[in-house]
Amino acid sequence: IEELMGRKPVVNLAPSVPPPAEVAALVNALWAQWKAGDLDKAYELFGAEYRARVPLLSFLQQAQSVIAKIGVPVSWAIMQSREIGPSTLGIGVDVRGSSALLQTIQIFRKTGETWVLLDSQFRMAAPGPGAAPARPMSRPELQPDLKPSLGPSVPVPAPAAGPGAP
């Protein structure tokens, strides 16, 4: 069991492709709006499907949470671009805030001749080599203590005093 848990799954990644200029421009516009503090305008850059699913208030709360973790975005770079479906791209963007790095995955779909921003997922960058993990890895107890307890589980009452007891 330990060996199986220690194995990493085999992941076949699609080859990286250069993002279309329209997608790169949309990524840049989105993070420029965040940097400027115009989160309403950043929200408007998402497609209608996203805005129907995620209300503006929820987006603003998520944006405030991101800013609280990394500070104001100061720079960003597209790190990878992969085709994840027909006319659909997954774009990995590293966003450097004033206090931390954030990695995002943004999903774009081509509708007609236009690329539309469908979604964006945010996560803090993994710590560098030699850094302690943010939280310990959870492992199941593979060798539980099965030794019986030597004490009684229910208290034994004292013997009742019989006829001749003082």
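Colleague: What makes Trp 34 and Val 54 residues that Phe 59 touches?

Modeller: A contact requires heavy atoms within 4.5 Å, and, with residues up to four places away in sequence not counted, Phe 59 touches Trp 34, Leu 39, Ala 42, Tyr 43, Phe 46, Tyr 50 and Val 54. This is a predicted model, in which local features need pLDDT of at least 70 and side-chain atom pairs count only at pLDDT 80 or more, while totals for chains, interfaces and linings use all residues. Side-chain values use heavy atoms, leaving out hydrogens and water, and numbering starts from 1 along each chain as its sequence is written.

Colleague: Why is the set of 25 residues called a nonpolar core?

Modeller: The name applies because such a core is a set of buried Ala, Val, Leu, Ile, Met, Phe, Trp, Tyr and Cys residues joined through side-chain atoms within 4.5 Å, where buried means under 20% relative accessible area, with a 1.4 Å probe and protein chains only. In the largest such core, which has 25 residues, Trp 31, Trp 34, Phe 59 and Phe 108 touch the most other members. Helix 2 (21–36) and strand 3 (101–111) are among the elements that each supply at least two residues, and helix 2 gives the largest share, six residues.

Note on methods. Buried < 20%, exposed > 50% of the residue type's maximum accessible area, 1.4 Å probe, protein only. Helix = DSSP H or I, 4+ residues; strand = E, 2+ residues; numbered from the N terminus.
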